[in-house]
Structures are given as C-alpha cells and as structure tokens.
Amino acid sequence: MVDSEATQQQEDERISELTQDLINKLRYRQLQTELEQRDMPSEGTTSQLRSRLKQAAGLEDDVCVVNEDGMGDECEDEAPQLESVMEFVDESDPDFERKDLLRELEEKVEMGHWKAATRKLKRYSRRFGAQEPISQETLLSVLEVCMANRLQGARASEPARKILEQMVEHGYSIPETEGNYCVKNCLGYMGPHSTHQGFGGIDTAWAMLAALEQSGTPVQLETYDRICGALAKEGSVDEGLALLRKVVVDLSQTPTLTSFAAVAHAAAVMDDTEHLEKVPSVLAYAKAAGYDLDGVASVEDGRELLAAGVIAAEKMDNIALGLRLLTAASKASGVDPDRGDDLVASSSSAAQRASTLIHKRAINRAVEDKQWKLAVKLLELMLERSLKPSNFIWRNVVTCCAKAERSKRATTLLLKWAELSESGKADVPPLTVFNTVLNACEICGEQELTLRVLDAMKQCHDTEGNIITFNIALKRLAKQGNLMACEGMIIGMLKEGIEPSVVSYTTAIAACVSNPEEKQPAAAAEWLKRMRSRLVNPNVLSYNTALASCLDGKLASTSIASSIASDMLRDAEQQLKTSAEGNDAEKKPDSLVNVFPDASTKFLARRLVEQLDQAVEAGEMDQRVADETLRKPLAALADYFNCDTEECLLETVAAGTQSMGADVDKDDIETTSRDEVELEIQALNVHKIAEV
C-alpha cells in the first residue's frame with residue numbers, strides 16, 4: 001500500500017512538472033518516453049502524442065506549436081496580411097474565400113515556393129479544415145514541393161513530417177516512394193543526432209516512420225538502414241537493436257550488413273557490460289536474418305561486424321567468442337590474396353589491439369595448463385593474422401615447449417623468432433631464451449639442434465653466450481668425459497670476459513668421473529685448486545664429485561682423496577664459524593655455497609676408507625702410516641655427524657648453511673622467468689653423478 005502511494009506521488013510530481021511550453025518543445029522520442037513512463041500508449045503521430053500528454057497533465061490542446069522551421073503548426077500569422085486590411089468577397093459564391101486560398105496555395109506550389117505553400121496549407125487547415133478537409137492531391141502537391149532538393153537541404157523536414165502526419169489523420173494513403181524519400185533525406189551525416197545544419201534529424205525521421213507504419217505504407221529496407229545507422233551514430237544502441245529485431249523477427253526481412261555492423265560497433269565502443277552484451281545479440285540477429293558468419297568477411301561491412309564482435313569479446317574477456325569470430329572470418333572466400341581474419345584484425349586499431357590481447361590471454365591459459373600444442377597453434381595464428389607477438393608471448397610459448405621437452409618445436413619457434421627479428425617484424429630474442437632452448441636440446445640429446453641454436457645465438461647477439469650457455473655446453477662435454485674440451489670451454493669463458501661460476505667448475509670436475517674406466521682424480525684436484533685461485537669456493541657438490549673421481553681402486557687416488565677431504569673439512573669448519581657469527585637462522589639453505597658434508601659425502605668417504613684398507617691388505621702401504629696420514633681426513637668425513645661437534649652442528653647448521661649468500665652471476669636467475677629457471681637448474685643435475 002505504501003509503495004503504491006509513493007508511486008502515485010512520483011507520477012503526480014512528474015505530471016505537475018509538465019507545462020504547455022515544455023510539452024511543445026519535446027521531440028518525438030521524448031514524447032514517447034514521457035508517455036511510456038506514465039504507462040500510456042506511445043504510438044501515433046507527433047500531434048497525437050502531444051495531445052495525449054497534455055490530457056494527462058490536464059492542459060488544453062488548442063495552443064500554438066512552433067516547429068523547427070520557425071513556423072507555427074497552429075499559430076496565427078505573425079504579421080498582418082493584405083487580406084486583413086482589405087477583403088475581396090464574391091457574395092455570389094459563399095465558398096469564395098476557401099477556393100481563393102486553395103488557388104493561392106496552388107500558385108505557390110507551381111512556383112516552387114515551399115515555405116509559402118506550407119503557410120497557405122496551415123492557414124487552410126486552421127480556417128477550413130473542419131468544414132472541408134484538405135484533399136490528398138493538395139497535400140501531395142505541397143509535399144512534392146518540400147521534397148525538392150532533398151527536402152530543401154533538410155530545411156523542409158518538419159513541414160514534410162507534418163504533411164505526412166496530416167495524411168494519416170485524414171486517413172489518406174502515403175505513397176511508398178514519397179514517404180520513404182522523406183524519411184531518408186531528413187537524416188544528415190555530420191550534425192548531432194543526424195541533423196543537417198540544425199534541421200531534420202532522428203526524431204523527425206522516427207516520427208515520419210511512425211506515420212508510414214500507421215498508414216500501412218511499405219517501408220523500404222534502405223529506410224530502415226538509414227535510421228539504424230543514425231541511431232548507432234548517436235549511440236542509441238537499445239533503439240537500434242530494437243529496430244533490427246523488428247525488421248528481422250516481426251517483418252521477416254533481411255537488413256543489410258551495414259545496419260548490423262553500425263549497431264554492433266556502437267555497442268562495442270561502450271565500456272559497460274550491459275551494452276557489450278548486446279553485441280552477441282546483434283550477431284544472433286544477423287545469423288537469424290540469413291547471414292553466414294563464416295562468409296560475411298568477404299565484404300567490408302561483414303568484416304566491420306566481426307571486428308565489433310572481437311572488440312566486445314576482448315572487453316568481456318570472452319576469449320572463446322573472439323577466437324570463434326576470427327576463425328569464421330578466416331573461412332571467407334573472395335578476399336585473395338588476403339585472409340578474412342587478417343583483414344578483420346587489421347580493420348582498425350581497436351580491432352588489432354583486441355585481437356592481440358585475445359591471443360595473448362589464450363596463450364597464457366594454454367601455457368598455464370601445459371598445453372604446448374595449443375600455445376604453438378595460437379602463436380602461429382597470430383603470425384598468420386599479421387599480429388605482432390610481444391617478446392613475452394614468444395618467450396612464454398618457447399619456454400612451454402622446452403619445459404615439455406619438445407626441443408624440435410622449441411628450436412623451430414626460436415629460429416622463426418630470430419628470422420623475424422632480422423626483418424624488423426619482431427624484437428631480438430633475449431639470450432636467456434637461447435639458453436632455455438639449448439638446455440632442452442641437451443636434455444633431449446639433439447646435438448644437431450644444439451649447434452643450430454648456438455649459430456643463431458651468435459648471429460643475433462654476436463656472442464658465444466652467457467654463463468648459462470657455457471654451462472650447458474660444459475654439461476654436454478662432461479657427459480662425454482672430454483677433459484680437454486672442458487678446459488678449453490673454461491678458457492673460452494675467461495676470454496669472453498665471463499667469470500666461471502661454481503656450477504661451471506663443478507661441471508668440469510664431473511668430466512673426470514664420466515668414464516668409469518678412466519677416472520681422473522688428479523685432474524679433479526687440479527680443478528679445485530683453480531677454483532680457489534679464481535676466488536670461487538667449492539661447494540659440497542664440487543667436493544663430492546672430486547671424491548667420486550678417486551674411487552678407482554688405486555692408492556694414489558686414495559691419497560688425492562685424503563687431501564681433498566682435508567680441504568673440505570677446513571672449509572666446513574670455516575663456514576660453520578662464519579655461520580655462527582652471522583646468526584641468520586631464518587634464511588633458506590643455498591646448495592650453491594653449502595660445503596657441509598652430506599649423506600653422499602659420508603657414503604663416498606666410507607668407500608674411500610675401504611679402498612685404503614684394500615691397499616693396506618695388498619701391502620701397498622703400511623697400516624700405521626695409513627692410519628696416521630690418509631685415513632684420518634676420510635674417517636672424519638665418514639663420521640662427521642657423529643663427532644664431538646654434533647651438538648654444535650645441530651644448533652648451527654640450520655643457521656650456518658643458510659647464512660652464506662650465493663656469490664654467483666645474477667644472470668643465472670634474475671633475468672629469466674620461473675619456467676626458464678626450472679629448466680636451467682637441470683644443468684646442475686650433472687653433479688648428481690657423484691652420488692651414484
């Protein structure tokens with residue numbers, strides 16, 4: 001009850017705001033809106049709508065209404081005419097005045113004076129309309145004068161609208177040609193609301209259209225197209241969409257693609273979801289009208305329609321819709337040598353941006369789901385559609401393939417990227433991407449691809465690579481047990497101004513273990529010395545790998561292992577001391593600098609003690625000498641966690657092993673993405689050979 005009273009109060013307030021002057025100034029669509037807000041019928045001519053609204057406001061209807069042309073619809077003449085000063089009356093004919101006015105009207109029509117003719121017509125309607133309605137022929141003759149020169153440059157739009165509405169009110173039929181001509185030519189192209197120098201416009205055309213429909217005059221599709229275009233230009237998406245629905249659904253006709261494209265574009269440029277969601281509705285009406293979305297890209301208007309759909313899809317984050325529309329465009333025929341999707345994507349800067357973002361988001365999702373095939377396909381589609389992938393997109397797809405161990409595909413993409421960069425169609429691939437692909441090739445054992453990637457890297461960056469590149473190459477040589485090549489690689493790094501890291505030296509040491517038949521403990525010990533000379537501290541992996549090279553059953557190798565064990569114990573003691581002083585217990589352990597013996601160290605030390613015992617049993621060394629010299633460091637490593645410092649270790653290892661920051665090249669990690677880092681870390685796996 002309260003809501004009903006409030007609604008009635010609001011309605012009374014709206015009605016009280018209406019005045020004669022306000023109602024007379026309302027345009028056709030404004031009159032419709034006011035009537036719809038009051039739940040009153042909104043169909044009819046302009047005068048009918050005004051009368052209806054005035055009645056609702058309790059106002060009289062016999063007032064002067066001034067139109068855009070400056071001439072009153074129901075006004076008395078502003079200046080006294082000659083007839084008001086001197087009258088000539090034929091008393092023999094009581095109908096003389098009416099006939100004389102018609103004669104004057106016909107003279108003005110013959111002379112082509114449209115303003116004077118419309119004034120005479122209004123005077124006749126005012127004086128004699130009730131006595132003798134104006135004939136259809138007279139109305140048409142005045143209308144034809146107004147129609148000349150495209151409604152006199154739209155200045156005769158309002159008089160023409162009034163004549164059409166008069167014909168409806170009198171029950172006359174409106175000729176199809178004249179009626180549609182008036183609607184189309186009262187619409188301008190440059191002015192606001194499709195006016196022409198302030199005359200005509202959408203409201204006038206809308207009123208004319210209502211008159212045609214009320215009289216039953218067929219409305220041509222071209223007329224609907226012009227009104228749709230004007231509504232779209234104005235931004236009246238709802239009205240444009242309603243008109244399209246009326247033509248397609250109610251009238252079962254097929255508007256031109258121009259109308260669909262105009263309304264879709266008007267909705268797509270909006271940023272609110274309510275308008276953006278109307279674009280799929282426009283596409284649905286186009287399909288219902290008989291258009292095949294897979295073929296509309298053959299014409300420009302069809303491409304504009306699809307482009308509007310792509311723009312809206314990007315704003316709504318509807319990736320599936322955007323890709324579907326571009327795929328539909330690619331199927332269009334008759335655009336050779338171009339492609340339909342290429343033309344749609346490049347139809348405007350907004351369409352190009354939307355297409356690029358849609359592909360980027362789709363690729364990101366494919367990478368997140370580890371669907372490397374889909375990611376590659378989307379990247380290929382970007383190139384086919386003349387879209388320029390950013391470095392991030394290229395890098396994302398290449399890394400995804402490398403992580404999936406698809407070295408051939410990753411190499412193909414990288415070489416394509418490098419080729420496009422030479423012609424300026426893409427940026428130069430970063431060095432880290434070459435490292436990622438190189439590592440993938442090494443993992444997959446693709447030696448030939450590795451060389452191709454190295455050649456491409458040198459061509460793009462004029463360098464042999466960075467430390468990661470060299471480490472990857474070192475890993476390959478270490479697997480082959482090629483000591484000389486590893487040494488040459490280290491020397492090459494120094495010549496390039498790249499300081500080898502702990503990873504580089506440890507990988508070179510691993511070459512001393514790769515061949516179980518010919519281990520090289522002396523070379524491993526030498527690499528440890530070179531590391532220290534370059535101020536690179538060996539870590540636990542370095543020592544474990546060197547100790548593993550000593551397990552060849554020889555006493556000389558055991559002696560080398562004992563020396564290595566002594567160095568490891570000394571470094572561990574120093575790190576423990578530094579850790580205790582630092583007291584950074586919250587930092588995570590860093591395997592690149594940690595030198596504390598681990599389970600692998602303990603296992604290797606015990607094996608080396610057994611090897612020493614075998615040498616003593618064979619008489620190669622005295623038991624006492626062995627116990628006092630070689631055995632002590634090895635036994636200390638084997639029992640490291642059982643010694644007197646165990647309590648200290650338990651208290652400080654968590655802090656000590658964590659406090660040492662890695663003094664390694666920041667290029668190893670900081671310049672790469674998470675996935676690239678995961679791939680590059682695989683280069684460290686070669687050190688695990690010491691644990692086997």
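This note goes through the fold, the nonpolar cores and the salt bridges of the structure shown above.

1. Basis. This is a predicted model, in which local features need pLDDT of at least 70 and side-chain atom pairs count only at pLDDT 80 or more, while totals for chains, interfaces and linings use all residues. Residues are numbered from 1 along each chain as its sequence is written, and side-chain values use heavy atoms, with hydrogens and water left out.

2. Overall fold. The protein chain has 36 helices and zero strands, where helices (H or I, at least four residues) and strands (E, at least two) are DSSP runs numbered from the N terminus. Of its 692 residues, 49% count as buried, a class that means under 20% relative accessible area, with exposed meaning over 50% and partly exposed lying in between (1.4 Å probe, protein chains only). Among contacts (heavy atoms within 4.5 Å) between residues at least 6 apart in sequence, 68% join residues at least 24 apart.

3. Nonpolar cores. A nonpolar core is a set of buried Ala, Val, Leu, Ile, Met, Phe, Trp, Tyr and Cys residues joined through side-chain atoms within 4.5 Å. The largest one holds 188 residues, of which Phe260 and Leu305 touch the most other members; helix α11 (residues 202-215) supplies the largest share of this core, nine residues. Leaving aside residues up to four places away in sequence, the residues that leucine 305 touches include Leu257, Phe260, Val282 and Leu283. A second, separate core consists of seven residues, among them Leu555, Ala615, Val616 and Leu630.

4. The structure holds 30 salt bridges, each being a side-chain nitrogen of Lys or Arg within 4 Å of a carboxyl oxygen of Asp or Glu. One of them joins the side chains of arginine 339 and glutamate 384 (3.5 Å, N to O), which lie 45 residues apart, arginine 339 in the loop between α18 (319-330) and α19 (340-345) and glutamate 384 in helix α21 (residues 372-384). Another joins glutamate 487 and arginine 530 (3.2 Å, N to O), which are 43 residues apart in helices α27 (residues 483-495) and α29 (residues 521-533), respectively.

5. Setting of the pairs. Arginine 339 is partly exposed, at 32% relative accessible area, and glutamate 384 is also partly exposed, at 36%. By contrast, arginine 38, whose side chain meets that of glutamate 34 in a salt bridge (2.6 Å, N to O), counts as buried at 8% relative accessibility.
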